[in-house]
Amino acid sequence: MSQNKYALVTGGSRGIGRAVCLKMAELGYGVIINYKGNKDAAEETAEAVRALNQPAEILCFDVADRDEVKEILGGWMEANKDKVVEVLINNAGVRSDALLPMMSDEQWDNVLGISLQGMYNVTKVALTPMVLNRYGRIINMVSLSGLKGMPGQVNYSAAKAGVIGATKALAQEVARRNITVNAIAPGFIKTDMTADLDEKELVNMIPAKRFGTAQEVADLTGFLASKNAGYITGQVISINGGLYS
């Protein structure tokens with residue numbers, strides 16, 4: 001693969017995002033690592049990508065801030081017209097759990113802003129070159145919560161369910177341009193985001209009797225990003241150890 005083809009991973013500095021960045025590098029893509037706050041972690045991920053002999057760039061922007069996305073991501077694309085973002089992984093997300101009567105407006109707005117508005121903001125900027133090039137892969141990280149709903153996660157469930165609906169609609173809009181749009185719905189995966197959960201208690205609910213790994217999610221992402229997955233679009237693929245099928 002030529003050195004000017006890139007994958008953009010939002011929330012790419014840690015956890016599933018970092019594993020996905022490394023998988024994209026293994027597939028031969030340069031990687032654009034988006035992060036919001038943890039520059040050190042983003043730099044570590046970039047170094048790991050470069051160790052796989054692929055270029056890495058880090059871009060600091062808040063996916064929920066539309067103007068910032070246009071300025072930073074749009075600016076990078078304008079300044080690097082010899083480089084093309086072929087793969088977009090909308091991975092940025094945040095949990096802020098509370099029962100609805102106790103949920104603050106900020107908790108609702110923040111979770112919806114990052115997962116749902118963020119997917120729109122970033123995809124809007126990245127999609128036009130894909131349409132012009134008649135090729136692209138868009139993969140949206142959703143959640144078990146977006147499929148079945150989870151108590152204490154009305155905000156998170158709503159955000160991820162919204163992304164699922166958008167995934168199915170956009171897939172139909174761009175399929176004739178050789179652009180696929182799919183969603184991955186992880187169950188319980190061992191990351192910073194699930195560190196506060198009682199793993200010993202929760203594994204009893206999971207037929208596989210374990211949490212999944214970020215690497216397993218990244219391997220699925222790698223397949224959907226590959227040319228081998230060209231006839232798979234508009235799908236939500238669960239990776240949850242059989243917890244909800």
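Helices here are DSSP runs of at least four residues, numbered from the N terminus. The model you have open is predicted.

**Stop 1: the two helices.** Select 105-133, which is helix H4, and 154-174, which is helix H6. Look at how they pack. Their axes lie 8 Å apart, at an angle of about 15°. Angles under 35 degrees count as roughly parallel, so H4 is roughly parallel to H6. The crossing of H4 past H6 is right-handed.

**Stop 2: the contact.** Now show side chains. On the H4 side, select Gln-107, Trp-108, Val-111, Leu-112, Ser-115, Leu-116, Met-119, Thr-123 and Leu-127. Their partners in H6 include Val-154, Tyr-156, Ala-159, Val-163, Ala-166, Leu-170 and Val-174. Colour the contact by class: 14 residues are nonpolar, 5 are polar and 1 is charged.

**Stop 3: the pocket.** Which residues line the second largest pocket? Select Met-119, Tyr-120, Thr-123, Lys-124, Leu-127, Ala-166, Ala-169, Leu-170 and Glu-173. The pocket has a volume of about 150 Å³. H4 and H6 each supply at least two residues of this lining. H4 gives the most, with 5 residues. By class, the lining splits into 6 nonpolar, 1 polar and 2 charged residues.

Stop 4: Keep Met-119, Thr-123 and Leu-127 of H4 on screen. They belong to the contact with H6 and also line the second largest pocket.

Definitions and conventions. Residues are numbered from 1 along each chain as its sequence is written. This is a predicted model: local features need pLDDT of at least 70, side-chain atom pairs count only at pLDDT 80 or more; totals for chains, interfaces and linings use all residues. Side-chain values use heavy atoms; hydrogens and water are left out. On a 1 Å grid over the protein atoms alone, a cavity is a set of points where a 1.4 Å probe fits but cannot get out, and a pocket is an open set with protein on both sides within 12 Å along at least five of seven lines; lining residues have an atom within 4 Å of a point. Grid points are joined across faces, edges and corners, and a volume is the space filled by probe spheres set on the points. Ala, Val, Leu, Ile, Met, Phe, Trp, Tyr, Cys and Pro count as nonpolar, Asp, Glu, Lys and Arg as charged, and the others, Gly among them, as polar. Axes are lines fitted to C-alpha atoms, for helices over the stretch in contact, and angles run from 0 to 180 degrees between N-to-C directions. Angles under 35 degrees count as roughly parallel, over 145 as roughly antiparallel, 65 to 115 as roughly perpendicular and the rest as oblique. A crossing is left-handed if the near helix is turned anticlockwise from the far one by less than a right angle, and right-handed if clockwise. Contact means heavy atoms within 4.5 Å.
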